[in-house]
Amino acid sequence: MAGRFAPRPTRTTVRGGQVGMPAGVPRQATGPGRVRMWVPDGPLDLGLVLGPLRRGPGDPTFRATPDGSVWRTCLTPAGPGTLRVVALGGQVRGEAWGPGAEWLLEQLPELLGAADDPSVFVPRHRVVALARHRRPGLRLTRSGRVLESLIPSVLEQKVTTDEAYRAWRLLVRKYGEPAPGPAPERMSVMPAPRTWALIPSWEWHRAGVDNKRASTILRAVRVARRLEEAAGMEPAAARARLELVSGIGPWTSAETVQRSHGAADEVTVGDLHLPGIVGWALAGDRDADDAVMLSLLEPYAGQRHRAARLVLLSGVAPKRRAPKMRRVDIGRL
C-alpha cells in the first residue's frame with residue numbers, strides 16, 4: 001500500500017510540502033518549448049518534491065493543474081522562464097519556455113531531488129517510519145536560486161502565513177512580468193532585484209508588509225548577486241552569508257536553504273509552531289521549545305530537516321488551545 005495512501009491535506013501537512021495533485025490525463029502544452037525527458041532512480045511524487053516552492057494556493061509562480069502538471073516560473077541567471085513538469089510512467093517530462101528555458105531544463109534533475117539521497121535516512125520513531133512508508137516519493141528539492149526563496153521567507157516573518165501569502169501574491173502579480181509560454185492564466189515571474197528595490201513604500205503598506213520586513217528585503221536585493229552566489233556554497237556557509245544582512249536570522253536562512261540547497265539537515269529554529277508539533281509527535285510534549293525539538297531530532301543528525309518534514313506530513317499535531325492568530329491588514333490603516 002506504500003504510496004497509495006493519500007490523506008486529505010491539513011494545515012500541518014501542507015506546511016510539510018503536500019500539494020494536492022488533481023487527477024487527470026496529462027496534456028501536451030501548446031506552443032513550442034524546449035523539452036527534456038528524465039528518469040528518476042526511484043519513486044518520485046511531484047507534489048511532495050515541488051510543494052515547498054509554493055507560497056500559498058494563489059502563488060503566481062506555482063500552479064498544479066488538473067491534467068497532472070506542475071507549472072513553475074523562475075527568474076534564472078539567463079532571464080525569466082516557465083517550466084512545466086509532468087510524470088509519465090517511470091519518467092518525467094520537462095518543457096520550458098522563455099530566455100531561462102535552457103537553464104531550467106539543465107537544473108531539472110536537481111529540482112526534482114536527484115542530488116538528494118533518501119536511502120540514508122533511518123527512522124527512529126514509529127510516526128516518522130509510518131510517514132516515510134506512506135510517502136515513498138518524497139525527495140528534497142534544490143532550486144539553485146536564493147532570492148526566490150529568501151524574499152517570501154522574509155515576508156513570512158512574525159505574521160500569519162495567510163498574510164504573507166497575500167503579500168507575495170499581490171507584489172509578484174503587480175511588479176513581476178507575465179510568465180513566458182502557454183502558462184496557466186495569471187502566472188507571473190518574480191520581479192528582478194532592481195524592481196524590488198524600486199517598489200514605493202506605500203505599495204509595501206498596501207500589500208500588508210511592515211517597514212521592518214520591507215527594509216530587510218530592500219537590503220537583500222541590493223546585494224542580490226552576492227546572495228545568489230551562496231547557491232554554490234555548503235548550506236552552513238550559505239546561511240552565514242545570508243545572515244550578514246540585517247533582518248535575516250536563523251529562521252529565515254534555514255527556510256531559504258532548505259529550498260535553494262535541498263539541505264537535509266538544516267532544521268528551522270525560532271518557529272512558533274514547529275517545536276510543539278515535533279515535540280507532540282515524537283514525545284507527547286506540546287510545550288516543547290527549540291532546545292527540546294533539537295534534542296528529539298538529534299538521532300537524525302544529518303537528516304533533521306527531512307525528519308521534521310516527515311513529522312509534518314504525518315499530520316500528527318496537538319489540538320489548538322487558543323484561537324488562530326488574528327490577521328491584521330495594515331494596508332487598511
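This is a predicted model: local features need pLDDT of at least 70, side-chain atom pairs count only at pLDDT 80 or more; totals for chains, interfaces and linings use all residues.
Q: A cavity is a set of points, on a 1 Å grid over the protein atoms alone, where a 1.4 Å probe fits but cannot get out; by this rule, how many cavities of 30 Å³ or more are there?
A: The count comes to three cavities of 30 Å³ or more. Residues are numbered from 1 along each chain as its sequence is written, and side-chain values use heavy atoms, with hydrogens and water left out.

Q: What makes a residue part of the lining of the largest cavity, and which ones are closest to its centre?
A: Lining residues have an atom within 4 Å of a point. For the largest cavity, 14 residues line it, and Leu53, Thr61, Arg72, Thr73 and Glu148 are the closest to its centre. Strand E3 (70-76) and helix H6 (147-155) are the elements that give two or more residues to this lining, and E3 has the largest share, with four residues.

Q: How do you know how confident the predictor is in this chain?
A: Look at pLDDT, the predictor's confidence in each residue, from 0 to 100. The mean for the protein chain is 92, and 89% of the residues reach 70 or more. Residues 1-6 are below 50, with six contacts beyond near neighbours in sequence; a contact means heavy atoms within 4.5 Å. Residues 23-30 also stay under 50, and there the model has 21 contacts beyond four places in sequence.

Q: Why is a group of residues called a nonpolar core here?
A: Buried means under 20% relative accessible area, with a 1.4 Å probe and protein chains only. The largest such core has 35 residues, and Leu150, Trp196, Trp204 and Val209 have the most contacts inside it. A second, separate core of 21 residues includes Phe121, Ala131, Ile277 and Leu297.

Q: What is Val209 in contact with, leaving aside neighbours within four places in sequence?
A: Val209 is in contact with Leu155, Ala167, Leu171, Trp204, Ala214 and Ile330.

Q: How many of the residues in the whole chain are buried?
A: Buried residues make up 52% of the 333 residues in the protein chain.

Technical notes
On a 1 Å grid over the protein atoms alone, a cavity is a set of points where a 1.4 Å probe fits but cannot get out, and a pocket is an open set with protein on both sides within 12 Å along at least five of seven lines; lining residues have an atom within 4 Å of a point. Grid points are joined across faces, edges and corners, and a volume is the space filled by probe spheres set on the points. A nonpolar core is a set of buried Ala, Val, Leu, Ile, Met, Phe, Trp, Tyr and Cys residues joined through side-chain atoms within 4.5 Å. Buried means under 20% relative accessible area, exposed over 50%, partly exposed in between (1.4 Å probe, protein chains only).
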